[in-house]
Amino acid sequence: GMQLYPEDHTLLQAAGNIEERLGNVTAARDLYGASLMVEPSAPTLIAYAMLELRSPSENNTTNITMVRRLFQEALLIDPKHGPAYNAYGNLERRQGNVERAKQLYQEGINANCTDASSVYHGLGKLYLSLGEIEQAIDVLQKGLDFFEANEFTHVQRNENVAFLAHTLGMIELNINNNVKRAKSILEQGLKRCRNSSPLLLGVAMCESRVGNEQRARQMFEKSIIADPDHAQAWQAFGVMEMKAGNYRSAKTLFECGLKNSPRHGALWQAYGTLESRKGNVANARLLFAAGIQKCPKHVPLYQAWACLELRDGDVLTAKRLIGEALTMDKRNGSGWLVAAKIEEKSDNHGLVGLILRRGIECSPNDVELYRALAEHEISRGKIDNARELLERGLEIDPLNAPLYHSLAELEARVFNIEGLAKLNKRAAELFQADAMTPSLSSSKNMQVWSKKIKHGRSTKIPDTVAALAEKIGVGNDADLSIAGVSLDEVDPESLVERICGFNEENNLMLEARASVSNK
């Protein structure tokens with residue numbers, strides 16, 4: 001095409017796009033430059049700017065001034081180009097210029113762009129990143145309403161509308177816990193984009209949440225068929241089967257997902273967790289190690305492996321792994337909880353409080369840290385400190401039911417009848433239930449899980465899952481080699497030695513212990 005039509009700038013841009021996807025950054029940059037020399041266009045300028053953001057041309061440092069200039073030129077050429085406003089707004093958001101980002105998104109909305117859905121989506125994600133949930137919902141809903149009102153003039157923008165519906169649906173499902181509303185939004189999106197894997201996955205998760213497992217399986221299968229490379233679909237499907245006790249199906253699904261997406265850390269973590277639940281500690285250890293080799297920046301893998309070693313009694317390895325996890329991400333509250341649990345199991349009770357307080361400093365919005373530290377304070381007889389911590393947690397997350405339950409137990413323990421009555425009134429207003437009443441009795445819960453697990457161990461892999469596995473090319477007994485990684489060649493001990501060097505967070509517990517000893 002370029003030989004026949006050397007002056008067609010769109011062909012040059014398309015060729016650059018292909019080279020970029022193949023990883024040929026220099027060739028892509030040259031083709032984008034050639035396209036702009038023939039005729040400047042907004043899509044090529046945006047592509048060039050995004051390439052510079054992903055793969056800087058000078059000393060691996062992004063030239064933000066140049067990227068801004070490219071976005072500005074794109075908007076001069078086409079003031080109604082929605083993706084230009086969206087990309088420019090995302091840049092400013094990442095640079096911390098929140099007000100400028102809001103201004104750009106609003107300018108895009110006011111310009112009545114031909115693809116306004118991408119602008120609404122960008123503004124909604126901005127509000128979401130700021131914790132302004134109501135504003136995010138309002139903007140995303142306005143984007144969907146705008147498309148409904150202009151569907152005949154925006155028929156080519158269904159994919160972006162799918163993003164709007166997916167994000168709004170996930171907010172309703174995961175933040176507002178409104179399954180009915182979430183499902184309605186996702187199904188609305190599917191009317192415009194029937195083969196959207198994320199939307200199909202969202203509906204599957206809604207069905208799973210309310211216990212409609214058979215319907216959920218159907219939607220998971222549709223999501224995977226629509227996009228076999230959608231790692232999250234394989235993972236979520238496998239996790240549902242694992243929770244249902246269908247371990248063979250879960251194993252097959254995780255292996256299929258890893259064959260298509262070997263660098264998806266959550267799949268390795270889920271597969272390792274499955275083997276751990278089955279009691280196959282050695283296999284779980286190998287899977288966590290293999291996952292870290294493929295995805296060395298996936299912090300939850302280190303946490304899951306540390307928990308495995310803690311349960312298996314290897315406290316030293318657990319400490320080293322969780323120290324590495326905290327080095328990579330100090331703001332991950334789960335890591336501090338695991339670190340505290342390690343010290344608790346080692347009877348270093350003075351260190352537990354220090355670690356949890358350090359966790360709250362690094363992750364002040366993780367309410368589980370407040371609850372854990374409150375429980376620790378209760379064990380030391382410091383009731384007032386515990387009450388203060390639980391109240392602080394409720395200020396951060398007023399809808400956290402476990403916090404209410406912990407606070408109710410505390411008040412009952414010290415016979416604070418007046419405080420318990422006030423708390424029950426607060427809880428009843430929010431949850432229509434008594435703060436001291438669990439939703440399902442412990443014995444009943446155990447009976448349900450026992451039945452599921454016994455059924456799952458004796459059940460064959462369903463035909464639909466087996467068909468998916470056959471299509472992907474995964475055998476039922478593919479234990480020794482997964483996603484191109486031979487588990488026989490993985491050495492967890494040497495991997496721990498290699499990745500867990502001495503550093504600030506690895507030494508944190510040692511330093512804290514010395515501090516306690518000195519006191």
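This is a predicted model: local features need pLDDT of at least 70, side-chain atom pairs count only at pLDDT 80 or more; totals for chains, interfaces and linings use all residues.
Q: Does glutamate 275 count as buried or exposed?
A: Buried means under 20% relative accessible area, exposed over 50%, and partly exposed in between (1.4 Å probe, protein chains only). The relative accessibility of glutamate 275 is 4%, so the residue counts as buried.

Q: Which residue's side chain is joined to that of glutamate 275 by a polar contact?
A: A polar contact is a pair of N or O atoms within 3.5 Å, one able to donate a hydrogen and the other to accept it within protein; residues adjacent in sequence count only if both atoms are side-chain atoms. The one at glutamate 275 spans 2.8 Å, and the partner is asparagine 280.

Q: How is the ring pair of tyrosine 120 and phenylalanine 146 classed?
A: The structure holds 5 aromatic pairs (rings of Phe, Tyr and Trp, its six-membered ring, with centres within 6.5 Å; planes under 30 degrees apart are stacked, over 60 edge-to-face, the rest tilted). Tyrosine 120 and phenylalanine 146 have ring centres 6.0 Å apart and planes at 40°, so their pair is tilted.

Q: How many residues apart in sequence are the parts that tyrosine 120 and phenylalanine 146 tie together?
A: Both tyrosine 120 and phenylalanine 146 are buried. Tyrosine 120 belongs to helix α7 (residues 116-129) and phenylalanine 146 to helix α8 (residues 133-149), so the parts tied together are separated by 26 residues.

Q: Which helices do the buried residues of α3 pack against?
A: Of the 13 residues of α3, 10 are buried, so the helix is largely enclosed by the rest of the structure. Among them are Leu45, Ile46, Tyr48 and Glu52. The buried residues of α3 pack against α1 (9-21), α2 (25-38), α4 (64-77) and α5 (82-94).

Q: What share of the protein's residues is buried?
A: The secondary structure comes to 28 helices and 2 strands. The protein has 519 residues, and the buried share is 47%.

How values were computed. Residues are numbered from 1 along each chain as its sequence is written. Side-chain values use heavy atoms; hydrogens and water are left out. Helices (H or I, at least four residues) and strands (E, at least two) are DSSP runs, numbered from the N terminus. Contact means heavy atoms within 4.5 Å.
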